[in-house]
Amino acid sequence: MSNIFLTAEWRKLIMANYAVDPAILKPYLPYKTELDLWNNTCYVSLVGFMFTHVKIKGISIPFHTRFEEVNLRFYVRHHDGKSWKRGVVFISEIVPKPAIALVANTLYGEAYSTMAMRHAWEEINNNQRVAYQWRKKGHWHSLEVTADKQPIDIEAESEPEFILEHYWGYNKRNELKTGAYGVEHPRWQIYPIESYKINADFGALYGPQFEHLNRAEPLSVVLAEGSAVRIRDGIVIQ
């Protein structure tokens, strides 16, 4: 078992989940993985959340312990000869800290970039508002929900369970190598969504192959409370 590389908390995760043609994702598919579908549907998720209490190898890095992240991801699985290991592949990960992007891209082969970011968490009567914003070329994009303040358990064999219960990260190193790392956290609770707003130019952010999502409605939007997480040292599958 690999050692722990990073510990942190992931909090207030908004996940807007869209159906896409699997062919769009084939160029991003890592070696020895296959697309993981739910009810014969291929998903991508736009995700915003807070990284807090970040430590690398047990050490807190000044000014890098709390920050926003927004990513676009899809879902895969890999069979290691014994069992299926379900995970995610990131098309893009955006953070406001250049050093975080440098470390993740160098050590894990991820697709991090740096942009100005901000967030808002507030309580309004019986509801909560959670919002994440990020700026590219002077334009602010945003992902926002209003939800109940009382969390609920995730139903077994539900769409939210499929979206949230992936415990591996995979990335395409080249045509014959895949990077992989384990992600550990307890089963999360979610908040019933009252409303959502998405103002993101998918084409400008992620390429013309995703521009059609500007006109699409997500199949679902989830707000998860999150928890403490542990990310293990990466391995290479070949």
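**Charges, fold and cores**

Modeller: Let's begin with charge: the chain carries 27 positive and 27 negative charges, and their mean positions lie 7 Å apart. Keep in mind that this is a predicted model.

Colleague: Thanks! How many helices and strands are in the chain?
Modeller: You'll find four helices and 16 strands. With a radius of gyration of 17 Å, close to the 18 Å from the globule rule for 238 residues, the chain is as compact as a globular protein of that length.

Colleague: And what does the C-alpha trace span along its principal axes?
Modeller: About 50 × 45 × 40 Å.

Colleague: What share of the residues is buried?
Modeller: Buried residues are 49% of the 238 in the chain.

Colleague: What about contacts, how much comes from residues 24 or more positions apart?
Modeller: Counting contacts with a separation of 6 or more, 70% are between residues 24 or more positions apart.

Colleague: Let's go inside. Which residues have the most contacts within the largest nonpolar core?
Modeller: That core has 39 residues, and the ones with the most contacts inside it are Leu25, Leu46, Phe74, Trp134, Phe202, Tyr206 and Phe210. Strand 4, residues 67–79, gives the most to this core, with four residues.

Colleague: Can we zoom in on one of them? What does Leu25 touch?
Modeller: Leaving out residues up to four places away in sequence, Leu25 touches Val20, Leu35, Cys42, Tyr43, Val44, Phe74, Ile91 and Phe210. There is also a second, separate core of 33 residues, with Phe5, Tyr43, Tyr75 and Ala104 among them.

Colleague: New topic, backbone angles. What is the phi of Asn39?
Modeller: Asn39 has a positive phi of about 50 degrees, although this residue is not a glycine.

Colleague: Where does Asn39 lie?
Modeller: In the loop between strand 2 (34–35) and strand 3 (43–56).

Colleague: Why does Asn39 count as exposed?
Modeller: Because its relative accessibility is 57%, and the cut-off for exposed is over 50%.

Colleague: Now His53, what's its phi?
Modeller: The phi of His53 is near 50 degrees, again a positive value in a residue other than glycine. His53 sits in strand 3.

Colleague: Is His53 buried or exposed?
Modeller: Exposed: His53 has a relative accessible area of 56%.

Conventions. Residues are numbered from 1 along each chain as its sequence is written. This is a predicted model: local features need pLDDT of at least 70, side-chain atom pairs count only at pLDDT 80 or more; totals for chains, interfaces and linings use all residues. Side-chain values use heavy atoms; hydrogens and water are left out. Helices (H or I, at least four residues) and strands (E, at least two) are DSSP runs, numbered from the N terminus. The radius of gyration is taken over C-alpha atoms; the globule rule is 2.2 Å times the number of residues to the power 0.38. Buried means under 20% relative accessible area, exposed over 50%, partly exposed in between (1.4 Å probe, protein chains only). Contact means heavy atoms within 4.5 Å. Lys and Arg count as positive and Asp and Glu as negative; His and the chain ends are not counted. The place of a charge is taken as NZ of Lys, CZ of Arg, CG of Asp or CD of Glu. A nonpolar core is a set of buried Ala, Val, Leu, Ile, Met, Phe, Trp, Tyr and Cys residues joined through side-chain atoms within 4.5 Å.
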